[in-house]
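These are my notebook entries on a structure that I had not looked at before. I went through it place by place and wrote down what I looked up.

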There are 2 protein chains.
Amino acid sequence: MTRFRFELLGDDGATAARLGRLHTAHGTVETPVFMPVGTLGTVKGLTPAQLEDIGARIILGNTYHLYLRPGMDVVRALGGLHRMAAWPHPILTDSGGFQVFSLRHRARIEEHGVTFASHIDGSPHLLTPEDAIGIQETLGSDIMMAFDECPPAGAPVGAVNRAMERTSRWARRCIAARTREDNALFGIVQGGVDGELRRRSAADLTTLPFEGFALGGLSVGEAREATWESVAAAAPLLPTAKPRYLMGVGTPEDLLVCVGLGVDMFDCVLPTRHARNARIMTADGDFNLRNAKYRLDDRPLDPTCGCYCCTNFSRGYLRHLHKSNEVLFNTLASLHNVYYLIDLMRGARAAIATGSYAAYKRELLARRALGAAPAQDAAAP
Amino acid sequence: MTRFRFELLGDDGATAARLGRLHTAHGTVETPVFMPVGTLGTVKGLTPAQLEDIGARIILGNTYHLYLRPGMDVVRALGGLHRMAAWPHPILTDSGGFQVFSLRHRARIEEHGVTFASHIDGSPHLLTPEDAIGIQETLGSDIMMAFDECPPAGAPVGAVNRAMERTSRWARRCIAARTREDNALFGIVQGGVDGELRRRSAADLTTLPFEGFALGGLSVGEAREATWESVAAAAPLLPTAKPRYLMGVGTPEDLLVCVGLGVDMFDCVLPTRHARNARIMTADGDFNLRNAKYRLDDRPLDPTCGCYCCTNFSRGYLRHLHKSNEVLFNTLASLHNVYYLIDLMRGARAAIATGSYAAYKRELLARRALGAAPAQDAAAP
């Protein structure tokens with residue numbers, strides 16, 4: 001049995017960026033890494049073969065969604081999430097906490113757990129820290145997340161404090177509920193954008209036997225500079241020897257900045273959601289392919305990109321597919337956007353390995369800023 | 001320059017089935033062949049790489065649809081249909097006639113051509129035989145179809161006769177309109193299910209310098225036995241040395257029967273349309289995956305199938321994707337259904353090569369009949 005292990009391979013020198021490797025029962029993952037989100041057991045629009053082709057080696061599953069649909073009896077009958085989704089590589093699952101709290105108006109939080117109504121049929125459900133671990137163990141997750149209370153952006157400090165303290169109590173119950181030894185459990189540091197609360201949350205959770213730590217409750221609506229400041233303050237509070245995961249982040253800028261602050265893992269629905277809305281992420285900034293000026297454009301989405309979409313298809317053709325509501329558009333645009341973030345992290349790892357991450361980050365941020373809206377998104381002439 | 005050429009490699013002996021090879025400027029195609037339909041320059045849900053993987057070597061494009069969207073200026077700017085759709089293999093295009101007549105209530109047929117209203121924005125358009133050839137040459141089609149008048153099933157014999165005679169006159173105009181020599185033009189035999197009209201149509205068109213012949217106006221609503229009888233009567237009227245194409249057909253049963261009647265080429269939207277409706281085609285008959293009895297079913301769609309979908313995913317998982325409206329379902333189910341028909345024709349070619357097509361056809365028809373509705377489609381207990 002392979003036990004979970006994080007190997008710190010080196011660091012950048014000039015920044016806090018780190019090079020690492022996650023060892024799991026389903027293989028290794030090089031960090032820093034971007035993890036595509038497969039909410040319902042599928043990264044929207046992409047086959048596992050396509051995900052492998054673009055270099056994805058770890059994907060996310062959502063406990064809340066999979067618990068409601070297809071349901072745990074189906075996942076069990078179909079051999080767990082890996083076999084069901086035909087994904088032989090590592091899987092990280094969230095705890096369900098974030099989704100339950102996104103439906104806050106219908107959720108009732110008590111010390112025992114959270115009662116919520118299904119967004120599908122309104123049926124009532126109770127999710128406790130013990131349930132969250134049980135579900136994740138049934139899914140067969142390689143990296144499980146502790147069940148946390150995630151307050152909304154802008155919550156009063158008292159509420160943030162109470163959520164942070166409850167997260168600490170629930171963290172202990174999550175650890176006690178584990179029955180498997182072949183996977184990891186990460187704790188989630190809360191505290192919103194309040195430095196003192198973050199410090200207290202980190203100080204407490206890092207005393208517990210978690211295999212890694214996440215920063216939760218960030219990028220939930222606050223300004224991106226506030227996110228970056230919180231990460232800058234919180235990352236050094238986490239143990240050097242364990243992986244650091246910034247949940248639900250983010251944009252290429254977020255990834256570039258936060259790798260430099262010492263974050264190892266990221267996940268976000270952005271690349272696939274953007275793709276469905278025809279928003280294309282490129283080295284020269286994002287642009288919206290709906291714009292009429294791309295109608296006859298025979299260039300790839302990103303002329304510098306090496307993905308299957310960019311080496312085969314033109315903007316004009318992809319725009320045609322989008323306007324015609326062809327699902328192939330979702331597939332190709334998602335493939336490109338996800339590849340872009342995965343490739344961004346591949347480049348980051350190469351830069352860290354040579355101690356040149358500061359220049360890598362600076363150049364890529366400048367190029368995206370330079371190429372952004374005015375040049376790419378101007379209205380058609 | 002490769003000129004179009006049909007090579008007759010052999011026949012079955014006991015049936016009229018033939019083994020052949022189409023030589024085109026974009027490569028060769030073994031016949032009998034099923035051609036997936038890529039209406040708008042994409043076989044719905046599948047990338048060119050996936051089509052290649054399942055053995056597709058020729059796809060269809062629809063003149064009517066591509067003419068309206070993205071429009072010929074876009075196709076021209078993007079380098080023609082092959083380059084635009086990143087499909088390096090042969091493409092057959094229809095003439096637009098069938099779609100125009102499907103919108104019959106809004107089309108006005110005159111000797112000069114057909115005036116119709118766009119189904120997208122109602123704008124008026126005129127399509128003549130000369131236009132149909134011009135558009136197909138711009139698309140870069142390897143096999144163009146003549147512009148024909150296709151009467152609806154059940155039309156009075158006088159109307160069928162007039163359509164057949166007009167098709168003969170338009171055939172001459174199509175031939176005269178050609179400006180390229182690197183592709184083929186197929187004539188379309190009309191005459192509905194009337195044997196005498198079919199004979200007259202075939203007798204006239206086969207005097208013209210077409211590189212192949214299609215049977216049109218079949219499988220448009222009449223009983224399948226009537227289709228088969230018409231094919232049985234009409235196929236021997238076509239020259240042995242040229243390829244025979246049965247347009248818009250069809251089901252696995254249609255393919256198995258009509259290969260045995262000497263047809264070389266088929267196309268149909270059935271496998272992708274069925275896939276979107278969760279109707280799965282298998283060696284043991286079709287079934288609908290929506291049925292609750294597949295909820296926990298960990299078997300592949302077709303346990304005897306070798307496609308990517310069947311070697312990786314379970315019915316239970318695919319049903320979950322379908323119920324969750326995940327586009328990956330369309331991709332995987334389409335991939336399976338198209339593979340099934342392509343593989344059916346691969347098996348047919350192997351059987352013809354050994355003179356055993358009669359047994360191949362009999363066994364596969366029997367197995368599908370045996371496995372059909374009662375066993376597979378029964379309501380959940």
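I began with Ala278(A), which I found in the loop between α11 (270-276) and β15 (279-280) of chain A. The model is a predicted one, and in it the phi of Ala278(A) is near 65 degrees, a positive value in a residue other than glycine. I noted this because most residues other than glycine have a negative phi, and most peptide bonds are trans.

I then turned to the peptide bonds of chain B, where I noted two entries. Arg69(B) and Pro70(B) are joined by a cis peptide bond with an omega of about 10 degrees, and Pro70(B) sits in the loop between α2 (63-68) and α3 of chain B. The bond from Val249(B) to Gly250(B) is cis as well, its omega being near 5 degrees, and I located Gly250(B) in the loop between β13 (244-246) and α10 of chain B.

**The sheet of three strands**

In chain A I followed an open sheet of 3 strands, which come in the order β1-β2-β3 and pair in an antiparallel way. Which strands stand at the edges? They are β1 (5-11) and β3 (27-31) of chain A, and each has a single partner strand, so one side of each is left without a neighbour in the sheet. From one strand to the next I read an average twist of 15 degrees.

Looking at one pair in detail, I saw that β1(A) and strand β2 (residues 18-24) of chain A run antiparallel and are joined by 6 bridges. Gly10(A) has Leu19(A) as its bridge partner in β2(A). Helix α14 (residues 327-353) of chain A packs on this sheet, where it touches β1, β2 and β3 of chain A, and its direction makes about 120 degrees with that of β2(A).

**The sheet of eight strands**

I next traced an open sheet of 8 strands in chain A, in the order β4-β14-β13-β12-β11-β10-β6-β5, with parallel pairing. Its edges are formed by β4 (33-36) and β5 (59-61) of chain A, and since each has a single partner strand, one side of each is left without a neighbour in the sheet. Here the twist averages 25 degrees from one strand to the next.

Tyr245(A) is placed opposite Met265(A) in β14(A). I also saw that α8(A) lies across β11 (184-189) and β12 (212-215) of chain A, and that it runs at about 155 degrees to β11(A).

**Two helix pairs**

How do helix α8 (residues 195-205) of chain A and helix α9 (residues 224-234) of chain A pack? I found their axes 10 Å apart, at an angle of about 40 degrees, and the two helices are therefore oblique to each other. The crossing of α8(A) past α9(A) is right-handed. Gly195(A), Arg198(A) and Ala202(A) make the contact from α8(A), while Ser230(A), Ala233(A) and Ala234(A) make it from α9(A). By class, the residues of this contact are 3 nonpolar, 2 polar and 1 charged.

In chain B I looked at helix α10 (residues 252-259) and α14(B), whose axes come within 11 Å and cross at roughly 20 degrees, and this makes α10(B) roughly parallel to α14(B). Their crossing is right-handed. Pro252(B), Leu255(B) and Val259(B) of α10(B) meet Leu341(B), Leu344(B), Met345(B) and Ala348(B) of α14(B), a contact with 7 nonpolar, no polar and no charged residues.

**Where the chains meet**

Last, I looked at the two chains together. I noted that 33 residues of chain B are in contact with 33 residues of chain A. On the side of chain B that touches chain A, at least two residues each come from α3 (72-77), α4 (80-85), α12 (308-312), α13 (315-323) and α14 (327-353) of chain B. I divided the residues of that side into 16 nonpolar, 11 polar and 6 charged.

Chain B is superposed on chain A by a rotation of 180 degrees with 0.0 Å of shift along its axis, at an RMSD of 0.0 Å, and the two copies are thus related as by a two-fold rotation axis. Within chain B, the C-alpha nearest the axis belongs to Val327(B), at 3.4 Å from it.

Key. Residues are numbered from 1 along each chain as its sequence is written. Chains are lettered from A and ligands numbered from 1 in the order in which they are written. This is a predicted model: local features need pLDDT of at least 70, side-chain atom pairs count only at pLDDT 80 or more; totals for chains, interfaces and linings use all residues. Axes are lines fitted to C-alpha atoms, for helices over the stretch in contact, and angles run from 0 to 180 degrees between N-to-C directions. Helices (H or I, at least four residues) and strands (E, at least two) are DSSP runs, numbered from the N terminus. Angles under 35 degrees count as roughly parallel, over 145 as roughly antiparallel, 65 to 115 as roughly perpendicular and the rest as oblique. A crossing is left-handed if the near helix is turned anticlockwise from the far one by less than a right angle, and right-handed if clockwise. Two residues are in contact if their C-beta atoms, placed from the backbone, lie within 7 Å. Ala, Val, Leu, Ile, Met, Phe, Trp, Tyr, Cys and Pro count as nonpolar, Asp, Glu, Lys and Arg as charged, and the others, Gly among them, as polar. Copies are superposed by least squares on the C-alpha atoms of residues with pLDDT of at least 70 in both. Two strands pair if DSSP finds at least two bridges between them.
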